[in-house]
Amino acid sequence: MKKLETGSFLFCVSLILSLMLSCTAFGQSKGLAGVEPRMRVIVDNDFSGDPDGLFQLAHLLMSPSVEIRAIIGSHLHVNDGFDRSKTQADNAAKKAREVLQVMNVTKAIPVFAGSNTAMLNDSTPVKNEAVNFIIQEALRTDTQTPLYVVCGAGLTEIASAALTNPQIADKLTLIWIGGPEYSDLALPPPGYSEVEYNLNIDQAAARAVFNRSALRLWQIPRNVYRQCLLSYAQLLTKVKPHGKIGAYLSETLESLMARIQRFINIGETYILGDSPLVLLTALQSSFEPDPSSSQYVVRQAPRINSTGTYAHNHTGRPIRVYTLLDTNLMFADFFAKLELMTGH
């Protein structure tokens, strides 16, 4: 009887090891190409502005667990130093197409130019193809794959979509880089502006999202996106040597750093504050999918008042406010994907 039990045990062990080896071989042979999308994403960013949006877009394009359904180029604040033109959204869309070309992306991903101006008020949506696409994608009934709208700048298009068709509110998750610090969670940085940069791009849109909509919202406020520091040494060693896209991203950032350096000593780091849009989507945990290595609190959505700051709202819906990001995972994954993409 003991010989039979021993034989059965050894057979089971042998079978398990054989399966493990075959699975390992399968994983090694396919690599990232074996990863299938498990979420849909619409990317919305001011690509003609701060280069951090270009880094975020490139990283997301290299992430196979994400199906990018569309890219929206959005506007900046009027007379923004990055782009003083009246065609900021058009220019942003051109920049997004440039990244697709540099990366030799063959899949057809629609690129839309959003509105070149902010909303007139918090109840009047803008109308354009980007807004229509968000609504259309959110209302799809042929898929159960979760939809995320990730915004690294203003909120013009998603606010307009929610105002135009409020039914989309529970059919997507909005992840937004923006908003000032919450006074009970963090202090503002030295020399801060009271109205945070991204919120100031379109204050009416921010009020529409926070005050008027029921959108499911994950917020990364200023004190948190400032955690995303890339060192210049990392840019030179981990990004610049890696193919056309590494050179493109590095040149874009180095050119900006050189221009800024004429006016202020910026040291040896740069904030890639839009990269959490990748961390909180593509890099979610394998089981019980969620951005499990980053930390957040759940609180009632505040009201955005007429001065562009928070006001307590005791009837506000619950939102996630992130407090700590796993920047190690975020940057390590970005560098590794650049290596894999370029083969060195």
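Q: Which residue caps the N-terminal end of α7, and which atoms are involved?

A: The model shown here is a predicted one. In it, the N-terminal end of α7 is capped by aspartate 202, one of whose side-chain oxygens lies 3.3 Å from the backbone nitrogen of alanine 204. Helix α7 itself takes in residues 203-212 and is mostly covered, with eight of its ten residues buried. Those buried residues are Ala204, Ala205, Ala206, Arg207, Ala208, Val209, Phe210 and Asn211, and the elements that cover them include α5, β5, α6, β6 (216-220), β10 (303-304) and β12.

A polar atom of the serine 160 side chain lies 2.8 Å from the backbone oxygen of threonine 156. Once neighbours within four places in sequence are left aside, serine 160 is in contact with Met119, Pro125, Val126 and Val131.

Turning to the nonpolar residues, the largest nonpolar core has 55 residues, and Ile71, Ile220 and Leu249 are the ones that touch the most other members. Apart from that core lies another, of 41 residues, which includes Ala70, Phe112, Leu147 and Val209. Val209 is also among the buried residues of α7. In soluble globular proteins, nonpolar side chains tend to be buried together. Isoleucine 220, again leaving aside its neighbours within four places in sequence, is in contact with Ile175, Trp176, Ile177, Gly178, Tyr225, Leu280, Tyr322 and Leu325.

Aromatic rings come next, and there are nine aromatic pairs in the structure. One of them joins tyrosine 182 and tyrosine 310, whose ring centres are 4.3 Å apart and whose planes meet at 15 degrees, so this pair is stacked. It links distant parts of the chain, with tyrosine 182 in the loop between β5 and α6 and tyrosine 310 in strand β11 (residues 310-311), 128 residues apart. Tyrosine 182 is buried at 5% relative accessibility, and tyrosine 310 is buried at 19%. In another pair, the rings of tyrosine 296 and tyrosine 322 have their centres 5.2 Å apart and their planes at 55 degrees, so the pair is tilted. Here tyrosine 296 belongs to strand β9 (residues 295-300) and tyrosine 322 to strand β12 (residues 318-324), which places them 26 residues apart. Tyrosine 296 counts as partly exposed at 32% relative accessibility, whereas tyrosine 322 is buried at 1%. The ring of tyrosine 296 also has the charged end of arginine 320 sitting over it, 4.1 Å from the ring centre. Elsewhere, Phe55, Phe331, Phe334 and Phe335 form one aromatic cluster.

Glutamate 137 lies in helix α4 (residues 129-138) and arginine 40 in strand β1 (residues 39-45), so the pair ties together parts that are 97 residues apart in sequence. Glutamate 137 is buried at 1% relative accessibility, and arginine 40 is buried with a relative accessible area of 5%. The two residues also belong to a network of salt bridges that links Arg40, Glu67, Arg69, Glu137, Arg140 and Asp142.

A second salt bridge is formed by the side chains of arginine 222 and glutamate 181, again with a 2.8 Å distance from N to O. Arginine 222 is in helix α8 (residues 222-225) and glutamate 181 is in the loop between β5 (173-177) and α6 (197-201), so this pair ties together parts that are 41 residues apart in sequence. Both arginine 222 and glutamate 181 are buried. Lysine 240 forms another salt bridge, with glutamate 254, where the closest N and O atoms are 2.9 Å apart. Because lysine 240 lies in the loop between α9 (232-239) and α10 (243-261) while glutamate 254 lies in helix α10, the pair ties together parts that are 14 residues apart in sequence.

Note on methods:
Residues are numbered from 1 along each chain as its sequence is written. This is a predicted model: local features need pLDDT of at least 70, side-chain atom pairs count only at pLDDT 80 or more; totals for chains, interfaces and linings use all residues. Side-chain values use heavy atoms; hydrogens and water are left out. A polar contact is a pair of N or O atoms within 3.5 Å; within protein, one must be able to donate a hydrogen and the other to accept it, and residues adjacent in sequence count only if both atoms are side-chain atoms. Contact means heavy atoms within 4.5 Å. Helices (H or I, at least four residues) and strands (E, at least two) are DSSP runs, numbered from the N terminus. Buried means under 20% relative accessible area, exposed over 50%, partly exposed in between (1.4 Å probe, protein chains only). A salt bridge is a side-chain nitrogen of Lys or Arg within 4 Å of a carboxyl oxygen of Asp or Glu. A nonpolar core is a set of buried Ala, Val, Leu, Ile, Met, Phe, Trp, Tyr and Cys residues joined through side-chain atoms within 4.5 Å. Rings of Phe, Tyr and Trp (its six-membered ring) pair if their centres lie within 6.5 Å; planes under 30 degrees apart count as stacked, over 60 as edge-to-face and the rest as tilted. A charge sits over a ring if NZ of Lys or CZ of Arg is within 6 Å of the ring centre and within 35 degrees of the ring normal.
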